[in-house]
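Hello,

I am passing this structure on to you. Please look it over before reading my notes.

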Amino acid sequence: MHRLDVRDMPPAERHPTIRDAFDDLDAGERLILVNDHDPSPLFYEFKAEVDAFDADGYRVEQRGEGEFVAELPKR
């Protein structure tokens, strides 16, 4: 698993950085994403645009105020 914390990153840089990190994964790996808000818009973007994204294996958990941890699995 690879971990990426984007909470301190400017919002305009987040999705491209997340996409690049996901693209660098091998099939069967997961990107653990730490975000300051619910990443559901990212989920829908990946589901619609990224063929290698395993939407059925996606998980997200709020661990505290301003801390959401999502698992983005790659097929």
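Below are notes on the whole protein, followed by notes on one residue.

This is a predicted model, in which local features need pLDDT of at least 70, side-chain atom pairs count only at pLDDT 80 or more, and totals for chains, interfaces and linings use all residues. Residues are numbered from 1 along each chain as its sequence is written, and side-chain values use heavy atoms, with hydrogens and water left out.

The protein has 2 helices and 4 strands; these are DSSP runs, numbered from the N terminus, with helices being H or I of at least four residues and strands E of at least two. Their order from the N terminus is β-α-β-α-β-β. The radius of gyration, taken over C-alpha atoms, is 11 Å, close to the 11 Å that the globule rule gives for 75 residues, so the protein is as compact as a globular protein of that length. That rule is 2.2 Å times the number of residues to the power 0.38. Along the principal axes, the C-alpha atoms fill a box of roughly 30 × 25 × 20 Å.

Of the 75 residues, 36% count as buried, meaning under 20% relative accessible area with a 1.4 Å probe, protein chains only.

R14 lies in helix α1 (residues 11–23). R14 counts as buried because its relative accessibility is 7%. Leaving aside residues up to four places away in sequence, R14 touches V6, R7, M9, N35, D36 and H37; contact means heavy atoms within 4.5 Å. With N35 there is also a side chain to side chain polar contact from R14, at 3.1 Å. A polar contact is a pair of N or O atoms within 3.5 Å; within protein, one must be able to donate a hydrogen and the other to accept it, and residues adjacent in sequence count only if both atoms are side-chain atoms.

Regards

Methods: Buried < 20%, exposed > 50% of the residue type's maximum accessible area, 1.4 Å probe, protein only.
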